[in-house]
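Here are my notes for a first look at this entry. Please read them with the model open beside you.

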Amino acid sequence: MKFLEHELAYRRATALSRREALHRMGAGIGSIGLASMFNQPVAAASSANPLAPKQPHFAPKAKRIIQLFMPGGPSQVDTFDYKPLLKKHAGERPSIVNRKTLRNTKMGLMPSPFEFNRYGQCGKMVSNIFPETAQCVDDICFVHSMHTDIPEHAGGILMTNVGALQPNRPSMGAWLTYGLGAECDDLPGFVAMSPRAKPRGTLANWGNAFLPGAHAGTYVNIEKMKPDAIMRDLKNTSLSRAEQRKQAELLTQINQLHLERLEQDQQLEAGIQAMEMAFQMQFSVPDVFDVSKESEATRKLYGDTEFAKGCLIARRLIEKGVRVVQLSHSISGYDIAWDTGHGNIVDGHAELARACDQGIAALIKDLKNRGLLEDTLILWGGEFGRAPTSEGAKGRDHDHYGYTMFMAGGGVKPGFSYGATDEFGCSAVENRVHVHDLHATVLHLMGLDHEKLTYRYSGRDYRLTDVHGHVVHDVIA
């Protein structure tokens, strides 16, 4: 504390006179004008909380988003895109599918091994491996005409979560917290979770890249599901909370003094925010991740799988004001779980669906019952789909030409299907939606114009959708 007293005394002794201050302001006003010309923020004497809630560009439909990410590529024709002609033409190789898997031209069309049934008032056809999600189709908006740039996992996953094929751009979650902030001060604005394995690309999927560090997602491995072990080193066994608070305040004061001398230092500003957040999180994280505090009926609704518990935690996080939650589906030691479809769609997809089906449905129902679904957007899907042709006896290869994703709540049309693939489910042919279009639509639902949400870096203005993307207004209620 003596250091601070000496520092403050020094600053009083070296304070500027009014005449000198006016003299220096002459150049300062010019720099403000120059900064505005180049769209650069002007350095402030002290940094405001970068995660403080911000006004959107226009009235939003959704205030928060939960992304249920299925890395590996779920097969559209075995889940939500019913193609009865696959059975009629089984084993054939029509020219319409020759754009895919040319190396396996002897492999013909493979019917889905799963039964499809009609559900809900909308009459949606859904595979029997998703019986619980099927009960919620009247609250879901299916997009059957998705397509992306590359049929390779690492690039496809980056395109889905980052909007680029390189890991040097901010993730969608980081862009959302940059544009909107968060509604909590003791939890991150963006939380990424998975049981066991991180999705391929790891940090890039929730990273901030060149955006300020406060907008990076915080990753949590929820395998063990012990609140005290969710994040490492949260507890300080040497100091009481009051002593920690004094220590944190002292460090903040010292860093603020240093920041005033530097005028602007993004890394130091991020460090100040990170230390404050770390102090708050040691008390808030064990609480929000403790699902035992939920009623028995709620826990039973979600089920006992790791993914289902992640869905319940996602609901608890958004209730606390977290803006973005990304929950990735994974299995032990395998970061692209749905890629088991290469060798065995029958057993692999059925097992993966069992692990997540009840949790997905419970999340939709629970949010609806609590009045949260109308302004919470749920986004489900992988980085691409799978081909309607066979690969070996029971498997399917990657397919980026046409696949299915779905949304629920957050201002999208319920009980609605948009776009279509061809008669065999290989390529999007009607109302095609690129990943850039999906991102533009998500931002629009959150009240953000994807062309205006930009950040100037390295001499150019960047945005999530780069120079692409169109809002799909037809899916908006």
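1. Overall make-up. The protein has 12 helices and 17 strands. Keep in mind that this is a predicted model. Of the 477 residues in the protein, 53% are buried.

2. Contacts along the chain. Take the contacts between residues at least 6 apart in sequence. Of these, 78% join residues at least 24 apart.

3. Strand E11. Start with residues 403-409, which form strand E11. Is this strand mostly covered or mostly open? E11 is mostly covered, and seven of its seven residues are buried.

4. Partners of E11. Which strands pair with E11? One is strand E4, residues 140-147, which runs antiparallel to E11 and is joined to it by five bridges. Within this pairing, look for Ile 140, whose bridge partner in E11 is Ala 408. Another is strand E8, residues 376-381. E8 and E11 also pair in the antiparallel sense, over four bridges. Here Leu 379 has Met 407 of E11 as its bridge partner.

5. Helices H5 and H12. Now turn to a helix pair. H5 covers residues 153-162, and H12 covers residues 435-445. Their axes lie 9 Å apart, and the helices pack at an angle of about 25 degrees. Angles under 35 degrees count as roughly parallel, so H5 is roughly parallel to H12. The crossing of H5 past H12 is right-handed.

6. The contact between them. Which residues of H5 meet H12? They are Met 159, Thr 160 and Val 162. On the H12 side, Val 435, His 436 and His 439 take part. By class, the contact of H5 with H12 holds three nonpolar and three polar residues, with no charged ones.

7. After H12. Check Gly 447, which follows H12. The phi of Gly 447 is positive, near 85 degrees.

How values were computed
Residues numbered from 1 in each chain as written. Predicted model: local features only at pLDDT ≥ 70, side-chain atom pairs only at ≥ 80, totals over all residues. Heavy atoms only, no water. Buried < 20%, exposed > 50% of the residue type's maximum accessible area, 1.4 Å probe, protein only. Helix = DSSP H or I, 4+ residues; strand = E, 2+ residues; numbered from the N terminus. Pairing = 2+ DSSP bridges. Axes fitted to C-alpha atoms, helices over the stretch in contact; angles between N-to-C directions. Parallel < 35°, antiparallel > 145°, perpendicular 65-115°, else oblique. Left-handed = near helix turned anticlockwise from the far one by under 90°. Contact = heavy atoms within 4.5 Å. Nonpolar A, V, L, I, M, F, W, Y, C, P; charged D, E, K, R; others polar.
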